[in-house]
Amino acid sequence: QVQLVESGGGTVQAGDSLKLSCAASGRMVRHVMGWFRQAPGKGREFVGCVTWGSGDTVYADPVKGRFNMSRDIANNMGALHINNLQPEGTAVYYCAAGLFTSATTRGRGYSYWGRGTQVTVSA
């Protein structure tokens, strides 16, 4: 029953930073908000997640140090801050939600998905 809407995508130059947002309409208690991306011609890749209650985060190795996730409990919104974007970061970025489990903290078993927002990075 959770509905998610991403926003903030666009076209940037290599080295730029970008903030993506994910607005959730349903209750996020006991949930994890995950972020994924799908580059052209490639499968969906787990970027990381933030646990709603604690704010704890998990990042995939390729994005550690450049991506930062947060959530605003009062506004029921998550954010993905991306620094130093590179051309290989060009992808559709999705937010997702699922109950907190060992699976969701590993990027598996998410129940709800946004439609995605396009990020294009030019060299």
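## The disulfide

A disulfide here is a pair of cysteine sulfur atoms within 2.5 Å. By that rule the structure, which is a predicted model, has one disulfide. The bond joins Cys22 to Cys95, with an S to S distance of 2.0 Å. Its torsion about the S-S bond is about 65 degrees, so the disulfide of Cys22 and Cys95 is right-handed. The pair links distant parts of the chain, with Cys22 in strand β3 and Cys95 in strand β9, 73 residues apart. Strands (E, at least two residues) are DSSP runs, numbered from the N terminus.

Are Cys22 and Cys95 buried or exposed? Both are buried, and buried means under 20% relative accessible area, exposed over 50% and partly exposed in between, using a 1.4 Å probe and protein chains only. Cys49, on the other hand, is in no disulfide: the nearest cysteine sulfur, that of Cys95, is 13 Å away. Cys49 has 1% relative accessibility, so this residue counts as buried.

Residues are numbered from 1 along each chain as its sequence is written, and side-chain values use heavy atoms, with hydrogens and water left out. Because this is a predicted model, local features need pLDDT of at least 70 and side-chain atom pairs count only at pLDDT 80 or more, while totals for chains, interfaces and linings use all residues.

## The nonpolar cores

A nonpolar core is a set of buried Ala, Val, Leu, Ile, Met, Phe, Trp, Tyr and Cys residues joined through side-chain atoms within 4.5 Å. Which residues touch the most other members of the largest nonpolar core? They are Trp35 and Tyr93, in a core of 27 residues. Several strands each supply at least two residues of this core: β3 (18-24), β4 (31-38), β5 (44-51), β7 (67-72), β8 (77-82), β9 (91-99) and β11 (117-122).

Another core lies apart from the largest one and has seven residues, including Phe36, Phe46, Ala96 and Tyr110.

## The salt bridges

A salt bridge is a side-chain nitrogen of Lys or Arg within 4 Å of a carboxyl oxygen of Asp or Glu. How many turn up in a search of the whole structure? There are two salt bridges.

One of them is formed by the side chains of Arg37 and Glu45, at 2.8 Å from N to O. Arg37 is buried, with a relative accessible area of 9%, whereas Glu45 is partly exposed at 30%. Asp61 and Lys64 also meet through their side chains in a salt bridge, at 2.9 Å from N to O. Here Asp61 is exposed, with a relative accessible area of 60%.

Key
Helices (H or I, at least four residues) and strands (E, at least two) are DSSP runs, numbered from the N terminus.
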